[in-house]
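Dear colleague,

I am handing over the structure below, and I would be glad if you could look through it alongside the notes that come after it.

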Amino acid sequence: HTPTTHTTTILSVGSVRCVKDTGFYLWLENVASTSGIDVARRAADNGVAVVPGKHFDAAGHDSPSLRVSFSNSRPADLVEGARRLARALVGEDVQK
């Protein structure tokens, strides 16, 4: 995924870059060493739904990226979702 010209980097932590995409989305780059699919699975296991970058690549190649939607969410839910996603990014299980 190549962010459109209207995107803005809003946060960089280590190698992870958070890019404000259009509307109610964030594009997270470099979320894993190789696969956004693996991180998306861990996030789902922790109760957070994200979309791997593979689904935004014209050729369908996997990439270490995720798209996150935050529309229709309460602020408290966003905080909890971010906490769970952060745990998934480092391979920890929130449910422990």
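What follows is a short account of the fold and then of the salt bridges.

This is a predicted model, in which local features need pLDDT of at least 70 and side-chain atom pairs count only at pLDDT 80 or more, while totals for chains, interfaces and linings use all residues. Residues are numbered from 1 along each chain as its sequence is written, and side-chain values use heavy atoms, with hydrogens and water left out.

The protein chain has two helices and five strands (DSSP runs, H or I of at least four residues for helices and E of at least two for strands, numbered from the N terminus), and from the N terminus on their order is β-β-β-α-β-β-α. Of its 96 residues, 30% are buried (under 20% relative accessible area, with exposed meaning over 50% and partly exposed in between, for a 1.4 Å probe and protein chains only).

The structure holds three salt bridges (a side-chain nitrogen of Lys or Arg within 4 Å of a carboxyl oxygen of Asp or Glu). In helix α1, residues 36-45, Arg41 and Asp38 lie three residues apart and meet at 3.6 Å, N to O; Arg41 is exposed at 53% relative accessibility, whereas Asp38 is partly exposed at 35%.

In helix α2, residues 75-89, Glu80 and Arg83 are three residues apart, with their closest N and O atoms 2.6 Å apart.

Best regards
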